[in-house]
Amino acid sequence: MLNQLRYHLQQNLPFLHNSKLLLAVSGGIDSIVMATLFKALGYNIALAHCNFSLRGSESDGDENFVKYFAEVNNIPVHTTRFDTASFASDNKVSVQMAARQLRYSWFNELLEKHSYDYLLTAHHLDDQMETFLINFTRGTGLEGLTGIPLQNGRVVRPLLPFSRNAIEQYAQQEGLQWREDSSNASDKYLRNKLRHDVVPVLKTLNKDFEKSFASTTQHLQQALSLVQDAAVIVYKEVVTEHENQKHIDIKQLIRVPNYKAYLYQWLYPFGFKAWHDIYGLVYAQSGKYVLSEGYRLLKDRDVIILEPLAAANDNIYSIKEGQELITEPVKLYFQEIEEMPEEMLKNGIYVNKQLIKFPLFVRKWQEGDYFYPFGMNGQKKKVSKFFKDEKMSLSKKESIWLLCSGTDIVWVIGERADERFKVTEQTTQILNIQLLPQ
């Protein structure tokens with residue numbers, strides 16, 4: 001296995017040779033074999049061990065064993081201890097997710113503090129199989145079927161081509177000692193159940209199953225690369241970007257064969273899962289939308305808009321008399337002038353200062369708000385009806401702020417002033433209010 005690993009590293013991970021490496025070592029057979037191999041190959045390594053305090057004296061025994069292994073082999077070692085159960089409870093996540101968040105946060109701290117180039121983990125071919133089966137049983141796209149990547153940023157998994165059987169054989173040949181995690185024997189977790197009950201059956205059905213699986217994974221990764229390349233090309237033809245939004249042109253989209261595959265490829269990184277609803281947006285009415293945890297897909301006439309979910313902002317911002325500028329939530333400039341200019345402002349209004357009461361307020365619009373739109377001969381209109389008449393998209397409506405004098409709306413900012421505060425021939429004090437770019 002030593003020579004096979006040396007060849008694998010030379011061919012696929014040559015950048016590790018002159019790098020400073022941090023190895024994640026639990027004390028189990030996989031990580032002990034990884035550390036032993038990299039020590040034998042002369043790489044510059046250090047070990048990192050997390051005690052998750054989940055198995056009492058057994059966890060402490062793992063920590064002590066890793067320290068002993070490091071001392072015997074003259075390898076630097078870092079250890080830490082977490083109260084994983086409390087972290088999981090406080091953050092309302094599973095114990096497994098808590099352990100993952102804690103260890104990778106600590107690993108990243110070590111990488112930065114001690115200038116390690118890469119973090120190495122001992123994932124192997126059987127882990128790859130189990131991940132494939134987990135994703136397959138839960139439902140996934142091509143990405144989920146390609147399994148664990150050999151490298152993800154600074155995280156490298158050098159043992160991925162090697163099976164658990166090959167690792168066990170090497171450990172026995174070298175007379176290595178390691179720790180057994182008792183939780184690996186339990187079928188409480190799906191991964192263990194697949195490991196104990198499913199993978200062995202697959203191996204009996206095909207004596208070369210490991211080799212076949214490795215080959216299939218390679219083909220899937222190559223196919224994924226082709227899909228990603230195609231998605232980039234079509235993206236440029238169909239999608240335009242506007243500040244924090246992406247606009248998918250529906251007319252262009254539906255001309256593309258198998259357009260649903262492209263939608264999936266573009267949108268799955270944003271956490272969407274309701275694919276039936278997403279595909280339905282193409283022919284849905286304007287205003288329909290689909291949510292993920294942090295994003296929204298909104299059908300707006302001939303486009304589908306991808307945008308982050310705006311954080312609710314119920315704040316009210318006050319403006320004192322004499323204040324010339326505010327910068328939040330929008331940028332407004334106030335100036336008292338003596339007479340109206342001939343040209344009207346494109347992004348501003350003129351109001352009769354004598355009719356407004358300070359402090360003015362800027363707030364979000366609410367259902368039931370009404371005003372008297374300038375130029376409509378004093379007709380009262382609900383703000384929501386005004387938006388509808390102006391054919392505003394949902395995202396546009398959500399971005400609107402109101403400038404108010406007491407309970408009266410002075411300006412639907414950037415859209416329409418209120419007739420009640422207009423400048424007339426009798427006006428003696430004119431206030432120029434201008435909306436400036438942020």
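Which residues does Ser-292 touch, not counting residues up to four places away in sequence?

1. Basis of the note. The model is predicted: local features need pLDDT of at least 70, side-chain atom pairs count only at pLDDT 80 or more, and totals for chains, interfaces and linings use all residues. Residues are numbered from 1 along each chain as its sequence is written, and side-chain values use heavy atoms, with hydrogens and water left out.

2. Overall form. The protein has 15 helices and 22 strands; these are DSSP runs, numbered from the N terminus, with helices being H or I of at least four residues and strands being E of at least two. Its radius of gyration is 31 Å, well over the 22 Å that the globule rule gives for 438 residues, so the protein is more spread out than a compact globule. That radius is taken over C-alpha atoms, and the globule rule is 2.2 Å times the number of residues to the power 0.38. Along the principal axes, the C-alpha trace spans about 100 × 50 × 40 Å.

3. Ser-292. This residue sits in the loop between strand 9 (289–291) and strand 10 (295–300). Setting aside residues up to four places away in sequence, Ser-292 touches Phe-270, Gly-271, Phe-272 and Leu-309; contact means heavy atoms within 4.5 Å. Ser-292 counts as buried, at 10% relative accessibility. Buried means under 20% relative accessible area, exposed over 50%, and partly exposed in between (1.4 Å probe, protein chains only).

4. Burial, contacts and surface. Of the 438 residues, 42% count as buried. Among contacts between residues at least 6 apart in sequence, 65% join residues at least 24 apart. The accessible surface comes to about 24900 Å², and 48% of it belongs to carbon and sulfur atoms. Accessible areas come from the Shrake-Rupley method with a 1.4 Å probe; for residues, only the protein chains shown count as cover.

5. Charges. There are 50 positive and 52 negative charges, and their mean positions are 3 Å apart. Lys and Arg count as positive, Asp and Glu as negative, while His and the chain ends are not counted. The place of a charge is NZ of Lys, CZ of Arg, CG of Asp or CD of Glu.

6. Cysteines. How many disulfides does a search of the whole structure find? It finds zero, a disulfide being a pair of cysteine sulfur atoms within 2.5 Å. Cys-50 is buried, with a relative accessible area of 11%, and Cys-404 is buried at 1%.

7. Ala-417 is in strand 21 and is buried, with a relative accessible area of 13%. Leaving aside neighbours within four places in sequence, Ala-417 is in contact with Ile-349, Phe-371, Tyr-372, Pro-373, Phe-374, Val-410 and Trp-411. Ala-417 and Ile-433 are 16 residues apart in sequence and 11 Å apart in space, C-alpha to C-alpha. Arg-420 is in the loop between strand 21 (416–417) and strand 22 (430–436). Arg-420 is partly exposed at 30% relative accessibility. Not counting residues up to four places away in sequence, Arg-420 touches Leu-355, Phe-371, Tyr-372, Asp-408 and Ile-409.

8. Helix 9. Arg-191 lies in this helix (residues 190–205) and is partly exposed, with a relative accessible area of 27%. Apart from neighbours within four places in sequence, Arg-191 is in contact with Asp-127, Glu-130, Thr-131 and Ile-134.

9. Backbone points to check by eye. A cis peptide bond joins Glu-328 and Pro-329, with omega about -5°; Pro-329 lies in the loop between strand 13 (325–326) and strand 14 (331–337). The bond from Phe-358 to Pro-359 is cis, with omega near 0°, and Pro-359 is in the loop between strand 15 (348–352) and strand 16 (360–364). Asn-74, which is not a glycine, has a positive phi near 55°; Asn-74 is in the loop between helix 3 (57–72) and strand 3 (77–81), exposed at 66% relative accessible area. Asn-258 has a positive phi of about 55° although it is not a glycine, and is exposed at 60%.
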